[in-house]
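Please read them with the structure open.

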Amino acid sequence: MIIRSQADLESIRKRGLTKIQPNHPRIGIGVSSCGIAVGGMALYHRMQEIIQNNSHDILVVKSGCIGYCKEEPLVSVYIPGKSQILLHKVSIDDAERIISLACKGDIPQDLALCRIPDWDHITGNLVYGDGFESVPDYGEIPFFSHQKKVILRDCGLINPEDIDEYIGIGGYFAAFKALTSIPPDTIIEEVKKSGLRGRGGAGFPAGLKWEITKKAPGSEKFIVCNADEGDPGAYMNRNEMESDPHMLLEGMLIGAYGMDVHEGLIYIRAEYPLAIKRLTLALDQARAYGLLGKNILNSGFDFDIQIATGAGAFVCGESTALVASIEGKTGRPRLRPPRLTEKGVFGRPTDLNNVETWCNVPVIIGKGAAWYSAIGTKGNTGTKVFSLVGKVDNVGMVEVPLGTSLQTIIYDIGNGGALGKGVKAVQTGGPSGGCIPQRLFDTPVDFENLNKVGTMMGSGGLVVMDEDTNMVDIARYFINFASSESCGKCVPCREGLKHMLLILNRIIAGKGTQNDIKLLQELSDTVQKTSLCGLGQTAPNPVLTTLKYFIEEYDQLITPEGR
Amino acid sequence: MDEKSLDEIIAQYASPSGRILGILREIQIQERHVPMDTLKLLSEKIEIPLSQLYSLVTFYSFFSLQRVGEHLITVCMGTPCHVKGAVKNLKVLQECLGISGESQDGKYLQTTPDNKFTVEIARCFGACSMAPVLQVDGDLYGYVIPEKIPEILEKYGWKR
C-alpha cells in the first residue's frame, strides 16, 4: 500500500496501535545485539514455540533495548487494560511460566522490574492502564527517573522490525506534516531555531550546515548519515538503529526535503551486522509504503536512501575519510577546505550528520523548535544519549538533557562504582577525549564545559574508571589505539604517536625518566598542532589530561635513577 | 570463489556509492578471507586496478588476505573491555591455543597450526555493557572471565 493522504497514514496508525495494544496479551523480548548475546533470541524462539504448540492467543514480538543493560534479558508483558510490566534477568526456563501467567492475566511478580501505566512517546501518548500496584512504578527506579527519553522514546517498547508499530505511536506524522504543509526553507529555519548541534562530537549547528548545503551550487547533492560509530566504549548509535530504525529514516527524509536533496546514504560500520539488517528491512518497508521513492506522500518530492558499509577503519569516522571510503578508496583524510558541503561524495555538495543528529529531527518538526529548545541549556539544547560503561554499577544506555552533571549520570543513574569500589575518573570522547577526575564531576556535560576540562563530548561514550585502574596504562592504551589506527598520511600523527607510545612503554616498564615526561608533553603539543585531521589533532588528549590530573601516577613509575 | 558467485555479488551493487567496499565485504563474509585470485578476477570485471583493490584489502581491518581457521575468535579491545580485563583474556586464549602473541603494525591475527582457530582483535564491537566481550563465528560472549574461556572453546571442538 502506498500512503497518499493523511487518512492512509491514520489507518496504518490504527493498525499499528492494535499491534502494540492488542486485545490479548503481548510479550516483547529485548533482542538488540546485547539482548541476543545474553539469551534474548533463544527466549524469543522458545516463547514462539510454546504459543504455537498450545495455540495461545498471545502475541510474542521482538523489541529493541530500553537501555538497562545490566538487567538484560528484558521482557515486556502487556495484559489488556493493565500497566505494562518490564521483567528483568529473564531466563529461557521462565518462558513457560510467563506465558501461562499471561494467559490468566497475570505476571511473575518475582521477575518484575517495574510497571509502566502510560508512556510518552512524544509523537504520541500511550495509556496502558493500572494494576500490578505492588510492582514499582517506572519513575521510582533511579536508573530511569533521572533520564529524559527523547531519542530513546520508543527503544525497547516497539518492534523495530515492524514499521506499523512506529507509525502506531505517531511516527512519520512529522514527515507527513513537513512534506505536505511546510515550505522547505521553514524546515531549515526550524532546525536552526531549535539549536540542534551535531551529535557526532564537534557540535556544529545542524541547521546551519543544512543551509550551507542547500545554498551550495549544483543540483545533484547527497545527504549522508555517519553511522561509523568507532569510539571504543560508545554504542548509542547501534542501539538507536537496532531499536528504532525508522526514527533515523524519518529524520533523513525531513532533512532531504528541507535541503531539496534526493539521494541519501547511510555509512555504517561493518561491526554492526544487526543494525545493517534492521536498517535494510526498514528501508524496504518504508519504500513499500511510499515513504521513500518517487512522489513521497503525494508531495511530488523524490528521495531514497542507500546503505554503504565500512570495513573496519576508525579514521573513516572523519568526514573526508568517510567520503573517500564511500567512493571505494582507502580512508585517508584530506585537507579542508573545501568542506563536504562544497565538495563531498563524488565531488558533489554533501551534508553529513551523525545518526543521533538525524534522530532529533522528527521531534523538532513534530513538536516545534520552542518545545525542543526548552530542553537542556542555552546553546546546548536537547538531550544526549550516553553509553555509561566500564567500572560503574548500572551499565547501560542513558539519555539526559545537555547540561546534566557527571555526578548525576555516574552516581544517581549509574549508582557509583561497580562492586562498591570508588570511582576515580571518567573517560569521555573516545581516543579524542580525556579523563576527568572525580573531583570535577560537578562539570555539566555540554560541548563547551567538557572542552574546558580538556576533553570533549565525542559521540557519547562514558567509560568509568575505578581505584584499580592505572591511568598511565589508560594513556598508553589510547595512544596505542590511535597509533594503530593512524592512516599514515601525515608525519606528526604517524611518527609522533609511535614515539609517544614508545615513551609510555618505557615509563610503564619502570625505565622512564623525568625527561621522558617532559618529552611526552612536548610531543603531545606538536602532534596536536601539526596533524592533518581531527583524529591526530585530538589523539594526545588522553595523555595531556592524565598528565594534568594524575601526574602522581606517572611520577610513581619513575625510579630514583630516572629522577 | 567461482565466477558465477562473484558476478552475483557484483550485480547487487549497481550504484557507485559504497560499491567497491560492499563487494569486498561480501567476498570476505562468504569466503572468510579475500582470495588473491578472486581479487584479480574482480579487478578485471569492475575495471579497477588490482593495486587499488589490494590497497583497500590491506588498509581496512575487516578484510584478510590470509585464509582464517575453521573458527574465528575476535577479542574486543575497546576501552570498557580493556579496563575490565580483555588483555588477560587474550593471553589466556593464546595459552590455551598455543599461539604467539606477536602482532604486526598494531594488527593481531594468529591461526593455530591445525587451522582450527584463528584469533584476531577488534577495536570495539559496541557491546560495551557486557564487557569484556569476545565473538566466536559471529556469536557474542559477554562478561568473559579467564576461567570461562576453556568452556567457550570446548563448544567449538577444542580439547584440554
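This is a predicted model: local features need pLDDT of at least 70, side-chain atom pairs count only at pLDDT 80 or more; totals for chains, interfaces and linings use all residues.

The points below take chain A, then chain B.

1. Helix α10 of chain A. This helix covers residues 236-243. Eight of its eight residues are buried, so the rest of the structure largely encloses it. Buried here means 20 or more other C-beta atoms within 10 Å of the residue's own.

2. The five-stranded sheet of chain A. The sheet is open, with mixed pairing, and its order is β16-β15-β19-β17-β18. Which strands stand at the edges? They are β16 (396-401) and β18 (434-437). Each has a single partner strand, so one side of each lacks a neighbour in the sheet. From one strand to the next, the twist averages 30°.

3. The β15-β19 pair. In chain A, β15 (residues 383-390) runs parallel to β19 (residues 461-466), and four bridges join them. One bridge links G390(A) to V464(A) in β19(A).

4. Chain B, make-up. Seven helices and five strands are assigned. Along the sequence they read α-α-α-α-β-α-α-β-β-β-β-α. The C-alpha trace spans about 50 × 30 × 25 Å along its principal axes.

5. Chain B, domains. Domain 1 takes 3-59 and domain 2 takes 71-154. Their centres, over C-alpha atoms, are 28 Å apart.

6. Chain B, packing. Of its 160 residues, 39% count as buried. Among contacts with a separation of 6 or more, 61% join residues 24 or more positions apart.

Technical notes. Residues are numbered from 1 along each chain as its sequence is written. Chains are lettered from A and ligands numbered from 1 in the order in which they are written. A residue is buried if 20 or more other C-beta atoms lie within 10 Å of its own, exposed if 12 or fewer, and partly exposed in between; C-beta atoms are placed from the backbone. Helices (H or I, at least four residues) and strands (E, at least two) are DSSP runs, numbered from the N terminus. Two strands pair if DSSP finds at least two bridges between them. Axes are lines fitted to C-alpha atoms, for helices over the stretch in contact, and angles run from 0 to 180 degrees between N-to-C directions. Domain bounds come from an automatic or database domain assignment. Two residues are in contact if their C-beta atoms, placed from the backbone, lie within 7 Å.
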